[in-house]
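Me: I would like to go through this model and ask, for each description, what it rests on. Could you set each value against its definition as we go?

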Amino acid sequence: MSDFRLKVFNSVAQHLSFTKAAGELFITQPAVTKHIRELEQQYATRLFERKGNAVYLTPAGELLKRYAGQILHLYQEAAFELSTLQSKHSGILRLGASTTIGQYLIAPLLAKYYEKFPQIELSLLNGNTEMIENAILSHAIDLGVVEGKKHHSGIKYVDFMDDELVAVVHSNSKLAPLEEITIEQLTHIPLVLRERGSGTLEVIESALKEHNLKLSSLQIIMHLGGTESIKSFLEHANCMAFLSIRSIQKELLTGQLKLIKVKELALLRKFWLIHLQGQPEPLAESFMRFAFREYSRK
């Protein structure tokens with residue numbers, strides 16, 4: 001099927017890996033290779049190049065990647081609109097979201113979803129990433145939205161959106177005059193960070209490993225269980241924190257918080273929609289389509 005071939009191409013183009021695409025689509029690697037070869041024959045051009053063990057998109061591949069994303073998105077739009085005509089969309093949908101996402105991302109989405117489907121009973125469990133993953137595994141919720149890495153083979157992780165953690169201080173802090181620091185300087189600055197089990201802390205820990213540093217190398221004076229608690233703490237302490245850029249937009253606009261650049265420290269992460277491996281429940285799948293539809297407009 002040509003549509004599935006496009007989905008295979010898009011997966012390989014996103015991961016730049018035939019192996020990862022096979023795992024994501026639950027097909028064999030030879031099947032991935034076959035679909036790509038058929039697409040290349042269809043368009044009479046090479047879409048990927050191999051250099052050693054690495055895979056690269058050709059100029060033609062880059063062009064098709066751009067259109068493939070748009071085409072697959074239109075398929076999602078059509079499927080969602082058709083599903084709203086074909087079903088009553090009633091029942092109970094149990095959602096879970098890690099702390100940052102629950103506070104700053106999911107609430108507006110839930111409001112819009114309820115406005116369109118008021119007959120669906122929604123519930124939302126908040127907790128750190130580890131808690132939400134465990135809630136999925138124990139069947140306590142149908143669908144979760146988490147941050148950080150993939151942890152469990154029994155969970156399907158669907159790429160939702162990108163996020164970035166940034167270093168911030170309060171504008172009244174003694175650290176506020178700083179504009180940019182090195183990683184070495186970072187090890188001498190008092191920090192307040194999220195608790196163990198949070199996706200935020202995990203991303204920081206992973207980034208530090210790339211520079212042969214551990215969390216124990218930092219001057220962590222406190223771990224707190226939420227972004228709002230950290231922001232309040234910063235207001236009364238000469239400390240620095242790492243928070244999602246999505247969680248501090250108001251404070252940056254009002255000048256309450258200030259960004260500090262840390263040289264060579266990239267704190268990029270993914271937000272994932274998660275459910276048990278296999279086909280998600282119909283209402284969970286409907287919500288996923290709705291979420292992709294809403295955030296693709298922004």
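Reply: Helices (H or I, at least four residues) and strands (E, at least two) are DSSP runs, numbered from the N terminus; helix 2, residues 18–25, is followed by Phe26, whose phi is positive, near 60°. This is a predicted model, in which local features need pLDDT of at least 70 and side-chain atom pairs count only at pLDDT 80 or more, while totals for chains, interfaces and linings use all residues. Residues are numbered from 1 along each chain as its sequence is written, and side-chain values use heavy atoms, with hydrogens and water left out.

Me: What makes Thr129 count as buried?
Reply: Buried means under 20% relative accessible area, exposed over 50% and partly exposed in between (1.4 Å probe, protein chains only); Thr129 has a relative accessible area of 1%, so it is buried. Of the 298 residues of the protein chain, 46% count as buried.

Me: Which polar contacts does the side chain of Thr129 make?
Reply: A polar contact is a pair of N or O atoms within 3.5 Å (within protein, one must be able to donate a hydrogen and the other to accept it, and residues adjacent in sequence count only if both atoms are side-chain atoms). The side chain of Thr129, a residue of helix 7, reaches the backbone oxygen of Glu147 at 3.2 Å, and a polar atom of that side chain lies 3.5 Å from the backbone nitrogen of Gly199.

Me: How do you know that the buried residues of helix 2 line one face?
Reply: Phe18, Ala21, Ala22 and Leu25 are buried in helix 2. Seen down the helix axis, these buried residues fall within an arc of 100° (taken from the directions from the axis to the C-beta atoms), so they line one face of helix 2. On the other side of helix 2, Thr19 and Lys20 are exposed.

Me: Why is helix 2 called roughly perpendicular to helix 3?
Reply: The axes of helix 2 and helix 3 (residues 29–43) come within 8 Å and cross at roughly 105°. Angles under 35 degrees count as roughly parallel, over 145 as roughly antiparallel, 65 to 115 as roughly perpendicular and the rest as oblique, so helix 2 is roughly perpendicular to helix 3.

Me: Which residues of helix 2 and helix 3 meet?
Reply: With contact meaning heavy atoms within 4.5 Å, Phe18, Thr19, Ala21 and Ala22 of helix 2 meet Gln29, Val32, Thr33 and Ile36 of helix 3.

Note on methods
Axes fitted to C-alpha atoms, helices over the stretch in contact; angles between N-to-C directions.
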